Amino acid sequence: GHRRFCDGGQWRCNWCGCKADATSGKTTGPDGPGTLCGSCGSRYRGGHEGPVLQTLDGKYACEACGKLLDSIGALGGHRRFCDGGQWRCNWCGCKADATSGKTTGPDGPGTLCGSCGSRYRGGHEGPVLQTLDGKYACEACGKLLDSIGALGGHRRFCD
């Protein structure tokens, strides 16, 4: 029963220091069975040799992009989709942090930004053309806008 596994609330993960009630379970680590929490155990099985380092204010930094997250779990979720800032939209070239998300394009899933993905789903075959000074022109009225998103918003009300 309970007594067989109870440590009186004294157990702590050898890497991150979390208590038993704050983790999904105890896993094997470099010091043997039951020495790491679930999150740190996943890191250990993935080849890491130590805990995730925390900032002075207790945040966890993504090693690829530097984004600060509140928990190890949030860091793990973030890493599944983090590209280290390398992703670019195949049409307009914007970075992932400048868009509302990655969408499917002619080259497959996750190849276009949200704005270009909307254009693609609407039947367009390429990106919006920019002027020499980097502005986007409305095809209906000629108004110049600073971003593709602004152009999309403008088009909804343009006559």
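**Figure 1. Two aromatic pairs turn up when the whole structure is searched.** Keep in mind that this is a predicted model. The close-ups below visit each pair in turn.

Figure 2. W15 counts as buried because its relative accessibility is 14%. Y44, at a relative accessible area of 31%, is partly exposed.

**Figure 3. W91 and Y120 form an edge-to-face pair.** Here the planes stand at 80° and the ring centres are 6.1 Å apart, so the pair is classed as edge-to-face. Again the partners come from distant parts of the chain, 29 residues apart: W91 from the loop between α3 (72-81) and β5 (102-105), Y120 from helix α4 (residues 114-121). With 15% relative accessibility, W91 is buried, whereas Y120 is partly exposed at 32%.

**Figure 4. Stepping back, the chain holds five helices and eight strands.** Along the sequence they follow the pattern α-β-β-α-β-β-α-β-β-α-β-β-α. The C-alpha atoms fill a box of roughly 75 × 30 × 30 Å along the principal axes. Of the contacts with a separation of 6 or more, 18% involve residues 24 or more positions apart, and 29% of the 159 residues count as buried.

Key
Residues are numbered from 1 along each chain as its sequence is written. This is a predicted model: local features need pLDDT of at least 70, side-chain atom pairs count only at pLDDT 80 or more; totals for chains, interfaces and linings use all residues. Side-chain values use heavy atoms; hydrogens and water are left out. Rings of Phe, Tyr and Trp (its six-membered ring) pair if their centres lie within 6.5 Å; planes under 30 degrees apart count as stacked, over 60 as edge-to-face and the rest as tilted. Buried means under 20% relative accessible area, exposed over 50%, partly exposed in between (1.4 Å probe, protein chains only). Helices (H or I, at least four residues) and strands (E, at least two) are DSSP runs, numbered from the N terminus. Contact means heavy atoms within 4.5 Å.
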